[in-house]
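Please keep the sequence and the structure in view while reading.

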Amino acid sequence: MQRQWSVQAPGEPEAEPGGEELCEQEMKRLCLSQQPVRVLPYAMMDKRFIRQLREPEGVKTSCWQQWRRRRQTAGRRLGEAARRLTRGCGLWEGALYEIGGLFGTGIQSYFTFLRFLLLLNLLTLLLTSSFVLLPLVWLRPPDPGPALNFTLQCPGSGHLPQTGVSKFNNLLWNVFTGRAFNNTYLFYGAYRAGPESSSTYSIRLAYLLSPLACLLLCFCGILRRMVKGLPQKMFLGQDYRSPLSAKVFSSWDFCIRGQEAATIKRHEISNEFKMELEEGRHLLLLQQQTRAQRACHLLTYLRVNVLIGLLVVGAISAIFWATKYSQDNKEESLFLLLQYLPPGVIALVNFLGPLLFVFLVQLENYPPNTEVNLTLIWCVVLKLASLGMFSFSLGQTVLCIGRNKTSCESYGYNACDYQCWENSVGEELYKLSIFNFLLTVAFAFLVSLPRRMLVERFSGRFWVWLDREEFLVPKNVLDIVEGQTVTWMGLFYCPLLPLLNSIFIFLTFYIKKYTLLRNSRASPRRFRASSSIFFFQLVLLLGLLLAAVPLGYVVSSIRSSWDCGLFANYSAPWQVVPELVALWLPPPSQRILYYLGSHAFSFPLLILLSLVLTVCISQSQASSRAIRRLRKQLVWQVQEKWHLVDDLSRLLAEPGSGDSLGPESPVSRGSRPRSFCPGFPCPGSPGPRPRKPGPSLEDPEGLRGVSVPAH
């Protein structure tokens with residue numbers, strides 16, 4: 001069976017005799033190749049012919065194989081269509097494209113981060129609803145029985161346990177403090193279940209494992225996104241810089257037809273050029289620094305970090321004493337103000353801290369990425385330390401951590417003041433989440449909006465100096481990370497807090513977009529999205545660890561409340577796991593699980609983890625060596641091109657060259673481009689060097705050894 005791959009037109013010269021042999025060799029190679037037909041660079045008709053050639057002679061494709069092939073093709077096309085539809089109908093795609101074009105990828109990464117957090121909260125809410133809420137509604141939990149008769153030995157005569165009802169019975173105030181939802185599924189105390197032996201589905205086990213599973217899934221999602229967003233310079237190194245000419249000639253999208261899209265694309269290309277030029281300028285300044293200048297720069301760096309560290313210590317101390325005073329003075333007449341004293345102090349610290357950090361860092365004229373990263377690191381320390389101190393002060397007051405009380409010795413927590421301490425902790429986290437969102441709304445419409453209106457209305461030196469608010473990406477990122485960390489901390493005490501946080505994130509996106517487009521000005525210092533995305537995920541991962549550590553301690557070691565919740569009859573919530581293992585599993589399975597949880601299993605587990613870590617390190621080192629080889633190969637190819645262009649330019653410059661079409665003027669010779677990479681030099685490109693006499697046409701040995709890399 002023969003097939004002509006090309007049709008000879010009349011009047012054309014006949015094909016060379018070797019053409020048929022080349023065609024036969026190519027057909028033989030294609031028949032023996034295992035490469036899929038769909039990736040071959042041929043027309044559809046030729047691909048069908050290649051598929052027929054690959055079939056064995058005398059053997060026809062069965063109906064089952066044809067149907068399977070058609071099903072795979074249809075499934076692949078359907079998957080590609082679904083991916084295109086998802087990209088086209090994704091949440092906030094148009095808004096993200098507009099923000100990225102007008103303000104750069106650095107600010108766009110913040111809004112992309114908001115979308116990622118919204119998806120995490122919706123996933124958490126889906127898991128909680130599927131495994132806890134829906135089975136609980138279906139099984140119809142039992143009504144709460146009569147209150148248990150406990151005699152609390154509390155100091156002071158006539159002191160009754162704190163019932164949680166304040167003197168202010170205003171419904172709106174109860175909504176803000178969370179007390180209006182004490183008997184709903186928003187808080188831990190409303191969840192009840194019967195004995196484990198009388199049910200085929202354990203609500204207690206689902207309630208216990210749901211927060212842990214949500215934290216694990218969030219950890220996997222954050223880790224995957226963090227690895228995906230690693231900066232390219234970590235792999236390519238500081239020496240490699242993409243040429244600016246590539247961006248000049250390949251940045252424009254010729255499919256753009258609308259005027260608005262073209263304007264956004266021009267802004268995007270302009271922002272990219274600004275970042276490239278600013279990074280090149282700072283890199284040049286760093287290379288020109290002397291040792292004395294570097295030592296002075298290091299001392300300045302240490303001074304700034306010491307000052308910021310002192311500010312962080314003072315802020316943490318203020319949060320500790322505010323929380324302690326609020327919990328120790330619940331019976332005073334200023335109870336209304338004391339309810340929101342800890343969230344207010346935390347919000348004040350987190351508002352003033354990043355502004356002071358940015359001011360101190362900008363005084364030293366750091367590079368854009370260094371400035372953003374340094375400010376972000378210290379803001380992370382401030383935010384996480386404030387939340388950690390808030391959690392510790394709550395544990396000291398509610399769980400008597402580090403304190404001696406009569407009720408704590410008997411019940412494991414401060415039973416005199418908190419009958420249902422899980423609800424009390426959930427209320428504190430609920431108030432902190434509400435307060436953070438209200439502060440975002442108030443700052444957008446009561447500070448940024450009036451400031452913009454005053455700057456536009458009045459003229460003068462003061463108003464020019466004031467100007468619009470600068471959109472600070474580190475501060476906004478840390479605000480949303482703080483809210484997400486509070487949500488993770490409250491998964492056990494307030495299971496529906498992810499629903500509340502999803503609403504807050506959804507509204508925050510539009511509030512921040514309005515603030516950015518109308519009331520703010522973009523920062524004049526540009527930075528890349530690759531480094532910012534990596535740091536955002538790192539901050540979020542630290543917040544996740546901060547939320548997981550207290551949750552693990554409470555679940556495994558702290559006595560549950562005796563008057564409310566699913567674990568009222570257990571010494572710790574984790575005790576339900578051994579009980580269910582004894583009820584549901586046979587003795588051999590129980591022994592296996594007990595062995596997996598014992599210290600004897602830690603030794604083989606440690607050996608296994610060591611082997612896995614060794615394999616990962618070996619793969620990482622092998623990948624690093626491959627990357628270095630590829631970099632050297634890239635530099636070698638560019639050097640080969642430069643040598644070829646240099647030799648070719650010397651050949652063309654010969655005065656008696658027979659290949660030249662005519663005499664060449666000095667102006668045209670001087671204006672001939674000598675670089676493929678204007679702007680920044682290509683990696684491996686040689687510097688200016690004196691002209692050497694080129695080879696003559698009679699002795700063209702100068703061209704030997706110069707190879708053109710194949711593409």
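For the surface patches discussed here, a residue qualifies if it has over 30% relative accessible area and no salt bridge, and like charges are joined within 9 Å. The model under discussion is a predicted one. In this model, a positive surface patch is made up of Arg-38, Arg-48, Arg-51, Arg-69, Arg-76 and Arg-77. Two helices, H2 (44–54) and H3 (63–88), each contribute at least two residues to the positive patch. The most comes from H3, which provides 3 residues. Arg-51, one of the patch members, is located in helix H2. Its relative accessible area is 33%, and Arg-51 is therefore classed as partly exposed.

Leu-583, Trp-584, Leu-585, Ile-592, Leu-593, Tyr-595 and Leu-596 together form a nonpolar surface patch of about 650 Å². Helix H21 (576–584) and helix H22 (587–596) each supply at least two of the residues in the nonpolar patch, and H22 accounts for the largest share, with 4 residues. Between H21 and H22 runs a loop, and Leu-585 lies in that loop. With a relative accessibility of 31%, Leu-585 counts as partly exposed.

Attention now turns to charged pairs. Across the whole structure, a search finds 9 salt bridges. In one of them, Arg-468 pairs with Glu-456, and the closest N and O atoms are 2.5 Å apart. Arg-468 sits in the loop between helix H17 (461–466) and strand S1 (469–470), whereas Glu-456 belongs to helix H16 (residues 421–457), so this pair ties together parts that are 12 residues apart in sequence. Both partners are partly exposed: Arg-468 has a relative accessible area of 23%, and Glu-456 has one of 47%.

Another salt bridge joins the side chains of Arg-521 and Glu-470, with an N to O distance of 4.0 Å. This pair links distant parts of the chain, since Arg-521 is in strand S2 (residues 520–521) and Glu-470 is in strand S1, 51 residues apart. What is the relative accessibility of Arg-521? The value is 30%, so Arg-521 counts as partly exposed. Glu-470, by contrast, has a relative accessibility of 17% and therefore counts as buried.

A further salt bridge connects the side chains of Asp-647 and Arg-650, at 2.2 Å from N to O. Asp-647 and Arg-650 are separated by about one helical turn because they are 3 residues apart in helix H23 (residues 602–652). Asp-647 and Arg-650 are both buried.

Helix H18 (residues 473–489) consists of 17 residues and spans 24 Å from its first C-alpha to its last, close to the 24 Å expected at 1.5 Å a residue. Is H18 largely enclosed by the rest of the structure or largely exposed? Of its 17 residues, 16 are buried, so H18 is largely enclosed by the rest of the structure. In helix H11 (residues 291–328), one finds Leu-307. This leucine, Leu-307, has a relative accessibility of 39% and so counts as partly exposed. The C-alpha atoms of Leu-307 and Leu-360 are separated by 8.7 Å, although the two residues are 53 residues apart along the chain.

Notes. Residues numbered from 1 in each chain as written. Predicted model: local features only at pLDDT ≥ 70, side-chain atom pairs only at ≥ 80, totals over all residues. Heavy atoms only, no water. Patch = residues over 30% accessible without salt bridge, like charges linked within 9 Å, V, L, I, M, F, W, Y side chains within 5 Å. Areas by Shrake-Rupley, 256 points an atom, 1.4 Å probe, with all protein chains shown as cover. Lys, Arg positive; Asp, Glu negative; His and termini not counted. Charge placed at Lys NZ, Arg CZ, Asp CG, Glu CD. Buried < 20%, exposed > 50% of the residue type's maximum accessible area, 1.4 Å probe, protein only. Expected span 1.5 Å × (residues − 1).
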